[in-house]
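Hello,

Here is the model I promised to pass on to you. Have a look at it first, and then read on for what turned up when I went through it.

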Number of protein chains: 2
Amino acid sequence: MSVLIVGSTALDSIKTPKTENPRLLGGSASHAAVAASFFSPVKLIGVVGDDFPKKYIQLYRRHKIDLAGLQILPGKTFHWSGEYELNMNHRRTLLTELGVFETFTPHLPASHKAAPFVLLANIAPSLQHHVLDQMGRAKFVVADTMDLWLNIALADLVKLLKRIDGFVLNDSEAHQLTKEDNVFAALRKIHKLGPKYVIIKKGSHGSILSSPRGFFICPAYPLHTVVDPTGAGDSFVGGMMGYLAGAKGSVDDNIRRAMIHGSVVASFCCEGFGLNRTTKVKRADIDRRVRELEKLTKF
Amino acid sequence: MSVLIVGSTALDSIKTPKTENPRLLGGSASHAAVAASFFSPVKLIGVVGDDFPKKYIQLYRRHKIDLAGLQILPGKTFHWSGEYELNMNHRRTLLTELGVFETFTPHLPASHKAAPFVLLANIAPSLQHHVLDQMGRAKFVVADTMDLWLNIALADLVKLLKRIDGFVLNDSEAHQLTKEDNVFAALRKIHKLGPKYVIIKKGSHGSILSSPRGFFICPAYPLHTVVDPTGAGDSFVGGMMGYLAGAKGSVDDNIRRAMIHGSVVASFCCEGFGLNRTTKVKRADIDRRVRELEKLTKF
């Protein structure tokens, strides 16, 4: 089955003490779509300007991503620029140019309205709502978010939580939303807001799923060196949704292995700038790391 | 087989916004010895004053802890007093009275010198050396530590690392020792200092083992409420060493399940003040949580 992914499609300029990487392909939808593409057909919903490099259209196409829902409008592509410190733990934004993204309204081609799996990747909650408004009842809808929307669009986000099956957020966002320090206490409160599946991401500490079949403690793949963590969370949830769409059987049967596969794609994402490493990965590389994770957690 | 445990034996007064708990049984050796006692016979090495409550001697005895190496000297027992904030994430020390601990010199009874498993729980590295000086070649020696010794006794600690098989420390201490932010990079550097087995504890995020058979990602048992985390790390390493001493087969064969058992005992420790919850636990309660952890991590 296929997965529909809406989110940001951007150009990221990432600076480190050693190097500058101007105008890399970035954005939540780009990372999630490439990650999902290893496991199932992907339909991308997004917007870029007429400055968007052709090589990135080709990159999407190499990953067999359906671009019927990608709008190319006169104007500039959303451009984010940030700088990392030496230890990669601190990042600061240098520049955010919204460009054509400022007035983005997602339009779903008729062929997209019955997509069984839907990932509302990180983007304004109002746009996540707008995508659901255009769709029939999907099999499994998951939304991601970021601290910005908790700050400036909380009411929209809380309304969204009643319309989705799964919600993914990181531990600091879970704390911000629930005022709970304890991950398991936070999970309980988030369920009360709507979603039956809640995943709290903890970066290099892995993630925790709370679902109708209980908790799952999902490890992160061990990395000695992190080159650029930008997009790792998007890769995680994209890989997870792609795996779910591509697997036979129920979501409950598959979601743990789906998270493991997402975790592995996220590990590759961290090993290069932007999508540089992820786009060099083969399915066999992913499967090898999944088998390693099996060995690393067995007792 | 038995496990010899040296460390601090103290009275802890723990204050929270809701309650005061004066003169609880505490100290690294007390927590580690009780945790180990669920799995194997324990020989305790420590010192207390003549004010040490008889009920705590009885508590040790109920756990069949061999007290031949516990010195009872004229003077006051080491007394630590601390205060927790409402969310339990911040603790501040109100008072430290060393008492008889100030001049403590561990003496090993003849019956203790051939103990096959040795846990040098958190205590000054010079005292950890002094215990090893009195012993024959043990089967497996593990040391724990704390940030204080990295600050004031680093040379002693680094010398100790060449004399032990396993070293246990938390993630902030690993960073302090190696200047590495990345856990796996830190593990590599610590191996170069001597120990073949290195475990980095990450609190509620679990722990990571690096050993001759590779890494193991060990989960923490999920807790909704933490009453008092004092002694959780000591309980983890105590439970682990007790399990290793009690199990048939090699350390390599058993260390993963040993860590899981230590992790479970630590979870009980967090659910009560001092040793209040841990001492009410039965082996069957531990085995139940171990089975739960198996389910929580399976994929």
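Which residues point one way from strand 12 of chain B, and which the other way? B:Ser207, B:Leu209 and B:Ser211 are on one side, while B:Ile208 and B:Ser210 point the other way. Both sets are buried. Please keep in mind throughout that this is a predicted model.

Strand 12 of chain B covers residues 207-211 and is mostly covered, with 5 of its 5 residues buried. On one side it pairs with strand 11 (residues 197-201) of chain B, running antiparallel to it and joined to it by 4 bridges. In this pairing B:Ile199 sits opposite B:Leu209.

For the whole sheet, I went to chain A. Its 9 strands form an open sheet with mixed pairing, in the order 5-4-1-8-9-10-11-12-13. Strand 5 (65-73) and strand 13 (214-218) of chain A are at the edges and have a single partner strand each, so one side of each lacks a neighbour in the sheet. On average, neighbouring strands are turned by 15° against each other, direction ignored.

Within this sheet, strand 10 (residues 166-170) and strand 11 (residues 197-201) of chain A are a parallel pair with 5 bridges. One of the pairings puts A:Gly166 with A:Tyr197 in strand 11 of chain A as its bridge partner. Helix 6 (residues 171-178) of chain A packs on the sheet and touches both strand 10 and strand 11 of chain A. The direction of this helix makes about 105° with that of strand 10 of chain A.

Now to how the two chains sit together.

At the interface, 22 residues of chain B are in contact with 22 residues of chain A. On the chain B side, the elements that give two or more residues are helix 7 (183-192), strand 13 (214-218), helix 9 (251-270) and helix 10 (283-297). By class, this side has 12 nonpolar, 6 polar and 4 charged residues. Of the interface residues of chain B, 100% are interface residues in chain A too, so the copies meet through the same surface.

Helix 9 and helix 10 of chain B meet at an angle of about 115°, their axes 9 Å apart, in a right-handed crossing. From helix 9 of chain B come B:Ile260, B:His261, B:Val264, B:Val265 and B:Ser267; from helix 10 of chain B come B:Ile286, B:Arg289, B:Val290 and B:Leu293. By class, the residues of this contact are 6 nonpolar, 2 polar and 1 charged.

Conventions:
Residues numbered from 1 in each chain as written. Chains lettered and ligands numbered in written order. Predicted model: local features only at pLDDT ≥ 70, side-chain atom pairs only at ≥ 80, totals over all residues. Contact = placed C-beta atoms within 7 Å. Nonpolar A, V, L, I, M, F, W, Y, C, P; charged D, E, K, R; others polar. Axes fitted to C-alpha atoms, helices over the stretch in contact; angles between N-to-C directions. Left-handed = near helix turned anticlockwise from the far one by under 90°. Pairing = 2+ DSSP bridges. Buried ≥ 20, exposed ≤ 12 C-beta atoms within 10 Å, placed from the backbone.
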